Amino acid sequence: MTQDLNILADIKNRVATLTINRPDKRNALNAATRSQFIEAMGQLETNDEIRVVVVTGAGDRAFVAGADITEFAGRSAVDQLEVMKRRTVYEAVDQFPKPVIAAVNGYCLGTGCELAMACDIRVVADNAKFGQPEINLGIIPGGGGTQRLPRLVGLGQALKLMFTGEIISAQRALEIGLADEVVPASDLRTHVTRLAATIAEKSPIALRCIKEAARASARMPLDEGLKLETSLFGLAFSSEDKKEGIAAFTEKRSPEFKGR
Ligand code: COA
């Protein structure tokens with residue numbers, strides 16, 4: 001498990017928490033942090049003990065305040081596009097087969113907002129702030145913002161945020177659908193731990209099938225999505241976890257899902 005300066009990994013009760021750890025730089029993502037994050041996600045993917053991942057930022061000021069702007073200074077467009085061809089943190093989250101929760105604990109800007117949007121669920125501290133301020137640097141979102149933001153909040157709200165670079169409150173993010181839940185900052189950790197624990201008790205196979213089908217809804221026409229759902233339903237239906245779930249219901253006890 002990666003356990004060094006830029007990404008801290010903590011594993012408890014089948015839940016892995018990855019903390020982006022550059023609080024002095026408001027957890028801005030530089031190259032080293034990105035590659036450590038991708039490596040950590042790769043390890044968690046193949047670790048059957050892990051059922052849910054939580055992504056958060058170190059300290060109480062920021063989730064991630066964007067790409068590390070200092071890295072942009074000396075880069076040509078060609079250099080930057082080469083960097084962007086490599087595997088990205090957004091792909092590492094988006095393609096991760098288990099649930100990923102963003103615990104947004106402060107500034108969630110640019111790349112940070114894009115990383116949170118790639119996660120499955122965004123639980124947000126009431127003092128968090130969201131925005132896509134790339135326009136103020138004369139650039140555009142490059143981590144999926146132009147695609148995921150309209151899907152989450154609708155075209156008008158997304159364009160307003162990206163055209164103006166406006167920073168919005170957690171409450172506003174909730175109203176437009178960018179945040180899924182807002183909790184007092186002091187409760188964020190406890191709340192996310194409880195949510196992650198609830199999900200971690202479910203069948204890993206069913207969770208994987210739900211994630212795959214629901215995520216496909218953004219890419220597929222309805223009839224294709226419904227076919228995919230049926231085939232994933234069949235997969236979940238053939239699992240030992242299904243037998244255990246039905247048996248537990250019949251025997252009036254809690255199920256013990258094994259992920260088989
Ligand atoms: N890239 C590189 N460094 C960053 C950064 C980023 N995206 N965001 C913050 N930092 C650094 C600051 O340069 C400062 O470093 P220093 O102490 O060496 O001077 C440190 O983090 C603290 O930032 P500061 O601005 O003093 O903190 P703050 O709490 O007053 O303000 C922000 C926080 C997030 C509002 C402000 O830092 C900011 O606007 N950051 C840039 C946001 C942005 O444009 N992101 C999109 C990038 S594509």
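This is a predicted model: local features need pLDDT of at least 70, side-chain atom pairs count only at pLDDT 80 or more; totals for chains, interfaces and linings use all residues.
**Figure 1. Packing around helix α5.** Which residues of α5 are buried? They are G145, R148, L149, P150 and V153. An α-helix has 3.6 residues a turn, so residues three or four places apart point the same way. After α5 comes G154. The phi of G154 is positive, near 90°.

**Figure 2. Strand β5, enclosed on both faces.** Strand β5 covers residues 100-104. Five of its five residues are buried, so β5 is largely enclosed by the rest of the structure. Which residues lie on each side? V100, A102 and V104 are on one side of β5, and I101 and A103 are on the other. Both faces are covered, and these residues are all buried.

**Figure 3. The partners of β5.** Strands of a sheet pair through backbone hydrogen bonds, either parallel or antiparallel. Strand β3 (residues 52-57) pairs with β5 in the parallel sense, over four bridges. Here V54 has I101 of β5 as its bridge partner. Strand β7 (residues 121-125) is also joined to β5 by four bridges. β5 and β7 run parallel. In this pairing, V104 stands opposite V124 of β7.

**Figure 4. An open sheet of four strands.** The strand order is β4-β6-β8-β9, and the pairing is mixed. Which strands stand at the edges? They are β4 (62-64) and β9 (168-169). Each has a single partner strand, so one side of each is left without a neighbour in the sheet. Strand β6 (residues 107-109) and β8 run parallel, joined by three bridges. L109 has G131 in β8 as its bridge partner.

Figure 5. Q80 sits in helix α2 (residues 77-85). Is Q80 buried or exposed? Its relative accessible area is 18%. Buried means under 20%, so Q80 counts as buried. What does Q80 touch, apart from its neighbours within four places in sequence? Q80 is in contact with F72 and R75.

Figure 6. I69, L137 and I139 make a nonpolar surface patch of about 260 Å². L137 belongs to the loop between β8 (129-131) and α5 (145-153). How exposed is L137? Its relative accessibility is 48%, so L137 counts as partly exposed. The line for exposed is drawn at over 50%.

**Figure 7. The whole chain.** The protein has eleven helices and ten strands. Its C-alpha trace spans about 60 × 40 × 35 Å along the principal axes. With 260 residues, a compact globule would have a radius of gyration near 18 Å. The protein has 19 Å, which agrees. Of the 260 residues, 43% count as buried. The accessible surface comes to about 13700 Å². Carbon and sulfur atoms hold 56% of that surface. How much of the contact set joins residues 24 or more positions apart? Among contacts with a separation of 6 or more, such pairs account for 69%.

Notes:
Residues are numbered from 1 along each chain as its sequence is written. Side-chain values use heavy atoms; hydrogens and water are left out. Patches are made of residues with over 30% relative accessible area and no salt bridge: like charges are joined within 9 Å, nonpolar side chains (Val, Leu, Ile, Met, Phe, Trp, Tyr) within 5 Å. Accessible areas come from the Shrake-Rupley method with a 1.4 Å probe; for residues, only the protein chains shown count as cover. A salt bridge is a side-chain nitrogen of Lys or Arg within 4 Å of a carboxyl oxygen of Asp or Glu. Helices (H or I, at least four residues) and strands (E, at least two) are DSSP runs, numbered from the N terminus. Buried means under 20% relative accessible area, exposed over 50%, partly exposed in between (1.4 Å probe, protein chains only). The radius of gyration is taken over C-alpha atoms; the globule rule is 2.2 Å times the number of residues to the power 0.38. Contact means heavy atoms within 4.5 Å. Two strands pair if DSSP finds at least two bridges between them.
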